[in-house]
Structure formats: structure tokens, C-alpha cells
Amino acid sequence: MTKKSHNTFRRDPTTVNKKLALAAVSAVAITSLLSACSADGGSGGGGGGADTSSCTNTITKTDLPVVSVWGWYPNMDKVIDNFNAGNDEVQACWTNVGQGNDEYDKFQTAISAGTGAPDVIMLEADRISNYVVQNALVDISGYGYDDVKGDFSEGAWKDVSVGDAVFGAPVDGGPMGLIYRSDVFAQYGITTPPTTWDEYMADAQKVKDAGGPLFGDLGANVPAVFMALTIQAGAKPFTYDPATPEDIGIKVNDDASKKVLDYWAELVSKGLVGTQDQFTPEYISGMVGGDYATYVSAAWAPGYLTGAGVGSGDDSGKFSVAPLPQWDTANPVAVNWGGSAFSVTAQSSQPENAAKVAFGLYADDASLKDGWENQIIFPLNKNVLTSDEFVNAQVGFFNGQQANKEVYVPAADAYKGFTYSPFASYYYASFTEALAAINNGEKTGSEAADELQQKLVDYATEQGFTVTE
Amino acid sequence: MTSTTLAQPRPRAGIATARRRHTLVGWAFVAPFAIVFVVFLIAPLAYAFYLSLFRKALIGGTQFVWFENYLKAFTDEHFLSGVWFVLTFSVVLIPVQMLVSLAIALILDVVTTRFARFSRLMIFLPYAIPVVIGALMWGFLYSKNFGPLGELFGLFGANAPDFLSPQLIFFGLLNVVTWQWAGYYMIILYAALQGIDPSIYEAARIDGANNWQIAVRIKVPMITNSLVLILVFALIGTLQFFNEPMMLKFLAAGTIGPDFTPNMYAYQQAFALANFNYGSAISFALGIVVFICVYIFMLATRKRGGFLG
């Protein structure tokens, strides 16, 4: 500061004080503004309580305890309203914080921060172990589990359990089948859909030789599909028992896994299937245009594809579904892709109320019917699974085919459940890299499997697990 | 000595008080900025650094590990491949970007028609489009099924290149970034050119210089400062490459992995794998790389003077 200004201050101390006071006041104002912001942000996720201002739904029974819920089912608004209307003990306050990974990243951040998680959260079954190992979920087997136990199959419970502890209320599943374009099959003289993977490759070759489109797609961004396909061939990627949480068995490069990955690598190298990432506009426009003769996918796929505009207009009625091809038709294995559950988080201050919501959401007839009729979910609730209405439903997307009866219900019944890894995010990210390397021709299926095994073992060891290979 | 100090206690004290008050007032004036600066920059940085000194495992909890995370980062092939990518990307991108923006700025400086003003706006426009939307837009333009490239190349009976494939993604991204930023750099250079005294041009013309000579011998040397400025901007921006590949990843997960750039890798570690400690360490390690690059560059250009010299 210059001498001159120095003198100015000296001459009039009151100005100084005024200015100083002003500066101090503005500083305080800013800090309080900041702390106000952060306080707001902190409670935004909701830790229960009666603050209903952040709910997407409107709660009319305001004197009841409120449980906060994160979820992304497309008809979640109806599901929540149905639950709240039918329940006089507890009310659900719902927010959609994003689908899949978006929600998981937020939940993960809330876990790390120790605050900000909801009471009840929608999770895909393959993510549950991931949060259990971090003690982020509550075992709900003591909160009304026995009342609903009979509503679901053993496989459904296994997917949401770790050992004997139940960490989620199952809602929907993803029994897998082979969706195919009946027009393409007819054009290239494939009269019956392939029942084995050998037939699948032979048919693919036949279509290619006749100048037809690609037969399928190996999307690097759908590792869960290829995990399911390796399990179908007999692989057991993970063995994990929560009684000894530090021990894990990892085996993603066994013969079955290598067989499956080499098989798909061969399809790619022969140019029989595409290498396009799925759930992209590119892939969907390919489905619309008949670029892919088959789609190895789950029971919820028709709903997704319909929503994306596939199967309407010129395309309508051209899709059919068949059971997933097998390696050994004498011992068929049913597998699953996706499907979700509602879990209670460890940050919830009212786990009992939260469990009521977790078990109650999407469990009433109206919600379930809305879900399956619009093909948003493939319900796991046996009351629906065994109902004539559901089993015999003629699915519009499949040109009136009784898809549930012919393909999905048998697949769901035969499904035994998987054991998932406690680090799903890392496993899927690494598997995606492995699949991309196969697609680019950099590695054979076996090499990719060996490298994936090495990566997972290294990661698990670094994370403190004792690994059995 | 003693006598002098004893002789002057009064005025000393007066000056000291005034100085103290003086300092306080200074701080008060700086406070509004300083608080925001400390709360939003220094504190998070310090906290991230603190985090980076720990390791948290799923089993076994958190441990203080000193600089082990950094040691790991600089031997981690995922991190190093990301750093290598952004470095090579900078080496190609920055000259291209600077040449394009300089050429446009020089042309617009000479042409003064209404069309020139319109072009200036149009060339600047991509910068006004949010990066996310720009990246998505290019994602669609690159699409094989419904992008224009297929038809364009189809006219000549050729197959359209797939800019989202592992072989061409480099050029795909190069194009997106140049498109987005060349206009902004052009405006900086254009403003610098407008600041040059026109009488210099007159003098040059009298000496017989043509437009080309004026551009290369007079204009470019006179805007060196601005060129250095945009170079540093571009260097820092490119080393922290994140938005564009992050968006295109949704269209090409097989091509753009989670470790494609160091920032994406830090994001994956922190938010997808809950490994905030290693994520912080990567961010700081990247900071070190950026610092080294900028410092080398500073040394190389110091003699020319300019805003860093």
C-alpha cells in the first residue's frame, strides 16, 4: 500500500472502522451462506424423519413415519403411490437419483461419507455383496422375512442373500432367452431356432454365407451377460461366505470360462457377430434395421426395446423368443441377467420401518400387474409367476407368442442363483476391458480370461482378501 | 544504540499500531476472495492430499501409508498409459489447434466485411456449446448407422471410417476438441491483433511489405504473448482431459476404458471403486505431471518474455 493511502486511513479512523466492519460483516455473511448451503446438501439425501419436502411423491398421511427410498423403475411413481395408499404404518418418500451405475456411485459416495444414504435402496442382485462387505446393508431376515419367504423361489432368495443373511427383498429377475428376428430366420431358411451353441454358430455361418446380417453381438459393455454365459457352461467365478468375509475364491479362467470366451472370440474373428456396445443408439438402430439376427438377453429386454422404439412400425411382429442355446442339451442350465431388489441401508435410523417398505414395495397386485403387463419387470413373486393370466399372456412384442409360458417362466423356475463378487464394480470394469481386447483381436478368449483372473486376484489381495484360486 | 532506541519509543509504537491496523484492513478487503479461495480451493486440496496418504481396503480398514499411493501411481500401468495418451494427444492437438486459430484470426483481422463478422461469431459458437452436448453431438455424427459420414463416403463407394474405433478414436477426439476450442483461442488472438497499432502496418507497407509478410513478420511476433498464453491453456486443459472421452465412453465403452485419461482413472477409483485415497493420489500425481510440463515449457519460452516470463 502506498504512503498516501496510509495517511488517509490515519486521518479518519472512523472510516477505517466502518470499512473494517463492513468487510467483516460481508465475510460472516458469506461464510454463513456457505455453511447454509452445505447443511442443506448434507440432509438432502434424507436419513428418514418427517421431512417430506425432498420427496418426488406426495405423502398424504403426514402423521406416519417416513422412509426414504431410491429407485429407478420406470413406473416407480405408481408403485410408491400404491404402497402409500395401502399402508397405514409407514409411508415411503421416493427420489430417483439415477439408473444403475449413477445410483451406485452416489450410494458409494454416501457410504464413504458415512451420511446421505436413503433408508431403502433399489439394487441389482449382483451388487448386493459389494455393499454387504462394506457393512452398508442391513440383514432383514429378522424383519418380516418369514411372512414373504414363500412368495419367492429359492434362486430368487439366493441372489439377494449372502450366506443365511438376507439383504434385499426381490422384485424382478432376468431369466435369459434367445430373442431373434423371425423374418431374418425365415429369409435364410432357419426353420427352428438353435438349441445348442454349436447350432448357433452353424446358423450364423449359414446366414453369413448367404450374405445375411450379423447373427448376434458381443458388446464389451455388457459383462454381466458373459458372466452368465460362462456360468451356464459350468464356471463358478466366485465363492464367498460372509462367515469368513476375508476369504474369497476367484476362478474366472477355468475351462468353462475359457471355452465360452474362445467361442465368442471365434464368432467375432469369423465376422459372424458384431462388436457394438449395447444400450447405445447405434445398437438400437441396428436392432430396428435388422442388423442382428439374434439378441441374447433377458426377460425385461422386450420392455426396454419397446421403449427404445424397436418392434413398432415396419418392425412390428418380427421378433420371437426361444430358450437360450445350451452346451449340453441333456443337462440344460438356466441363467439370469439383471433383476433388482429393495435393500435396507445401514445408515437408516429406522431399519424396522424401512424393512416394511422394502418388503412392501412392488409387492401389491396393482403394481406387479402394471409392471409385467408393460414389460417393465419380470416379476419374481410366485403369486404372479404361477397365475394363469401371467403364464398364458400373449406378448405383443413377440407377435402374440406366449413367451412367458414357452421361455421365461421355465427359465426362471430352473434358475439356481449365482454367487456374486464383493467387488462388482471392479470385476465388471475389468471384464469389459477383457471383452474389448477380444473384440479388437488383441487377445484370444483364453488369454483374456487368464489376464482377468490375474487382475482380480491382484485387486482382491490389495483389498485385504485372502484369495483362493 | 541503546539511547536511540530509548529515544524513539513513542513514534515506533504509533507506527506499529498503524501498521497493524493497516494490515487488518488489508486482510478485511482480501477476505471475501480469500475465504472463497481457502474454502473452495486450498481446503479441498489439503484434504485430498491428506486422503492420499492413507489406504483403505475393503477388508482391514484404513492405514496410514505415507507416499505409497504415489509410488503405486507412478508404477501403475493404467495411470501411466493415461498420462502417455494425454501427452501424445497434447503434442498433436496443440500445434493443430494453434495453427487453425492463428490462421483464422489472421484472416479475420484482414477481412472486415459483414461476412467476416458473421464468420467470427460462427467460429466462436462451438465454444458456447457445453462440452457434454458437443461431445454427444459428435458421437451421433460419427455413428455408422445414422451419421452423415456413411452416406458421404458411400457416394464414393467407400466405407466410412469409424471414429469411435480403437484405431481412430485419437482423431475422433482431436476433431471434437479442436472444433470446440479453436474459436475461443481465435478470439484471444484476434483481440491481441486488434491491439496492434495500425501505423506499424503503414510503415511496413511504405517499406514494401505485402500482406503475407506483414502477417508473418509483424503480426505473429507481436502477439507472441497471447500465443504463449493459449499454449499454456491448451496444455493444462489437455493434460486434464475428461469430459469428451467420458461422454463418448457411453457410446464406445470397449474403446474408451476407465483408465483412458488420468482424470477418468481418478474418477473411477474414487467414485466407482470407493477408493478415494488412491483417487486423490492420482489427482495429485497428475498435478505433478502438469506442473512439470508447464515448468519445462516456461523454461523453454522464458527468454521471449510474456505473461509467464
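## Basis

Residues are numbered from 1 along each chain as its sequence is written, with chains lettered from A and ligands numbered from 1 in the order in which they are written. Because the model is predicted, local features need pLDDT of at least 70 and side-chain atom pairs count only at pLDDT 80 or more, whereas totals for chains, interfaces and linings use all residues.

## Contact between the chains

On the chain B side, 33 residues are in contact with 48 residues of chain A (C-beta atoms, placed from the backbone, within 7 Å). Both α2 (9–52) and α13 (262–272) of chain B supply at least two residues of this side (helices are DSSP runs of H or I, at least four residues, and strands runs of E, at least two, numbered from the N terminus), and α2(B) gives the most, with 12 residues.

## Annotated region of chain B

UniProt, in an unreviewed entry, lists residues 83–297 of chain B as "domain: ABC transmembrane type-1"; such annotations may be inferred rather than shown by experiment. This stretch of chain B, residues 83–297, is 76% helix and 0% strand, with its end C-alpha atoms 17 Å apart.

## Domains of chain A

Chain A is assigned domain 1 (66–173 + 338–385) and domain 2 (176–335 + 400–468), with bounds from an automatic or database domain assignment. Taken over C-alpha atoms, the centres of these two domains of chain A are separated by 26 Å, and their contact takes 23 residues from domain 1 and 26 residues from domain 2.

Note on methods. Two residues are in contact if their C-beta atoms, placed from the backbone, lie within 7 Å.
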